[in-house]
Amino acid sequence: MAAYIVRRVKLEKMLVLENVLNRQREKQTSHKLIERLLAEHDFALRRFIRVRMNSSVDCDDVMQEVYMRLSQIEDLPAKLAGRLDTARNYLIQIASNLLIDRARRAQVRCADQHQGEYALNELIAIDEPDRQLHNKRLLHQVECALQQIRQEQRQAFLMHRIDGLSYREISDNLGVSVSTVEKHISAALLVIRNSVDTAALGSNQHG
Amino acid sequence: MAKLNIREQAIAYVTRLYSGELTAREESQIRRWREEQPEHELEWQAALQAYDFTAMLYHPHHKKTTKAAGHDWLTWLATAASVSAVGLLVLLQSITPTAIPQSGHVPVAAVATEQMQTALQKTLQDNEFRITERQQPLTSGVWHFETAVGEVSNILLADGSTLSLNTQSALSVAFSAGQRLVTLSRGEVFFDVAKDANRPFIIDTGERQIKVIGTKFNVRKLPHETLLKIAVLEGKVAVKNLVKPLQATEVEAVQALLAGDIAAFSEQNEVIQQNQPQQVSQAQTWRQGIMRFDNESLDNVVQEFNRYRTRKITIIDEQVKNYRISGVFHLADGEAILSALEATLPIRVAVVAEQINISNR
């Protein structure tokens, strides 16, 4: 009986160990994948960051942040399986969001320095429901604008922005060329741009 | 190209920026354009803001279906197509990977009539196309992978490389400290090889040995074709002839292929087309279950389809074999492909027992 218990304990220990090992292995594959992705798309990502940010930002810094963000995502390999050739689009969206966050933080800091703490507090105190209402109205405008364009143009744009598909994937799904997809997306952006004035969007950015 | 006004130009640049394919030339073009006039810069910023704002677009049905049904792309398309002004607000957040559509279901341009649909309805269950996921166990040993008719399988290997096996393919994988060996017995495989300078990745096809370090390429070795075909998407691939005895006069025992190259090898000869990026990228669309044909004979098209089918299609009239078609086909559409063909060509599709026959109309 005692021998049985000992064996049982050993077995349980082994199982625990195996679980830990498995998790470590998963992490390793994930890190390898991230490193590979970043190495592969390094050039394109840095170009994206430069063009989006007027070269005032440190590319390496942002790349590091992209790395961090990627390593926080659980089962990345599984999520990207079968889609590795379009992973670039995914990385660019991550970088894009990081850059927007940075810009927003910088704006708050700026307001802080220029107008003193009082202004900052006021900025933070902007009524939450007010801003939501403002965004809601804008969103409604954008959605109305999207109704003005042809269905395939709208579809291509939504596939890109809601589903995060690359132009290539959209081209395969719609059975049109990549350059047609780009035309569709530009058409959608144009009606959106025309439907809202910049000031309205700008105030959203401050929020 | 029509001349764009300032706003349109700014938007065209933003569209290009988010393609992820911006060239060095475009980068400097954009920079110069923005510096040209203050108005250019303003429109550029406004276009970016418009793009950013659309991150708030959100479709509740879409989210629901992807959660419940996993990869039901069709359902989403149907809802997206009928999307109306839905005002739901989500905060701008980093994009987390949502369910990834594994295959497209958008019907081809030609839409079958109702009648044809019903005639073909009973064969619809014949749609066998599917994409599966597998993983090589981390323990050492030789691992064998095989796909059934109509199956495309993505396999994650222990070293982080991924292979996509096309229909009716078979290979084995044996990793050791010194090399990563894959033996391809039959079929078509897309290799996305993780870089490991100390452990070359070697593919043995019987007649040839393909050696790489880290690259992406497609290898095709079909029973009905006498050629071994290789299309290189990225990196560099070395191909060695294992059958042909090395002649004293020959220096080139190894053939190097670069990105954009397509090569066809017979037992004795090799033909290499260089710089064919378009063709190379088309050589691997099967991974998403997509087939593109550009002015291809119906005979070849049907042969390609048959690779994925248990119920084979036969062309009865010789003349029909030479009809040319172009288009994008989604294997997941199953028999809808046939109705599309019937609607565009002067042909008749008949279902006879376990056979599907195509003849002149």
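Predicted model: local features only at pLDDT ≥ 70, side-chain atom pairs only at ≥ 80, totals over all residues.
## Overall make-up

Chain B has 361 residues, and 35% of them are buried. Its secondary structure comprises 10 helices and 19 strands.

Contacts reach across the sequence. Take those in chain B between residues at least 6 apart: 51% of them join residues at least 24 apart.

## The nonpolar core

The largest nonpolar core holds 110 residues. Residues of chains A and B have the most contacts inside it: A95(A), L189(A), V14(B), A47(B) and I230(B). In soluble globular proteins, nonpolar side chains tend to be buried together.

V14(B) shows the local detail. Setting aside residues up to four places away in sequence, V14(B) touches L189(A) in chain A. Within chain B, V14(B) touches A47(B), L48(B) and Y51(B). Two of these partners, L189(A) and A47(B), are themselves named among the core residues with the most contacts.

## Helices α2 and α3

Helix α2 of chain B spans residues 24-36, and helix α3 of chain B spans residues 38-53. The two pack with their axes 5 Å apart, at an angle of about 120 degrees. That angle makes α2(B) oblique to α3(B).

From α2(B), the contact uses W33(B), R34(B) and E36(B). From α3(B), it uses H40(B), E41(B) and W44(B). By class, the residues of this contact are 2 nonpolar, 1 polar and 3 charged.

## Strand β8 and K211

Strand β8 of chain B covers residues 208-212 and contains K211(B). K211(B) counts as partly exposed because it has 16 C-beta neighbours inside 10 Å; a residue needs 20 or more to be buried.

Beyond four places in sequence, K211(B) contacts P200(B), I202(B), A238(B) and K240(B). V237(B) lies 26 residues from K211(B) along the chain, yet their C-alpha atoms are separated by 6.1 Å.

## The β16-β19-β18 sheet

Three strands of chain B form an open sheet in the order β16-β19-β18, with mixed pairing. The edge strands are β16 (313-315) and β18 of chain B, each pairing on one side only. On average, neighbouring strands are turned by 25 degrees against each other, direction ignored.

β16(B) and β19(B) run parallel and are joined by 3 bridges. Here I313(B) stands opposite I356(B) of β19(B). Strand β18 (residues 347-352) and strand β19 (residues 355-360) of chain B run antiparallel, with 6 bridges between them. In β19(B), I358(B) stands opposite V349(B). β18(B) and β19(B) also form a hairpin with 2 residues between them. In that turn, A353(B) has a positive phi of about 50 degrees.

## Helix α10 on the sheet

Helix α10 (residues 336-344) of chain B packs on this sheet. It touches β18 and β19 of chain B, and its direction makes about 145 degrees with that of β18(B).

How many of the residues of α10(B) are buried? The count is 7 of 9, so the helix is mostly covered, since a residue is buried if 20 or more other C-beta atoms lie within 10 Å of its own. The buried residues are A336(B), I337(B), L338(B), S339(B), A340(B), L341(B) and E342(B).

Conventions:
Residues numbered from 1 in each chain as written. Chains lettered and ligands numbered in written order. Axes fitted to C-alpha atoms, helices over the stretch in contact; angles between N-to-C directions. Helix = DSSP H or I, 4+ residues; strand = E, 2+ residues; numbered from the N terminus. Parallel < 35°, antiparallel > 145°, perpendicular 65-115°, else oblique. Contact = placed C-beta atoms within 7 Å. Nonpolar A, V, L, I, M, F, W, Y, C, P; charged D, E, K, R; others polar. Buried ≥ 20, exposed ≤ 12 C-beta atoms within 10 Å, placed from the backbone. Core = buried A, V, L, I, M, F, W, Y, C linked by C-beta atoms within 7 Å. Pairing = 2+ DSSP bridges.
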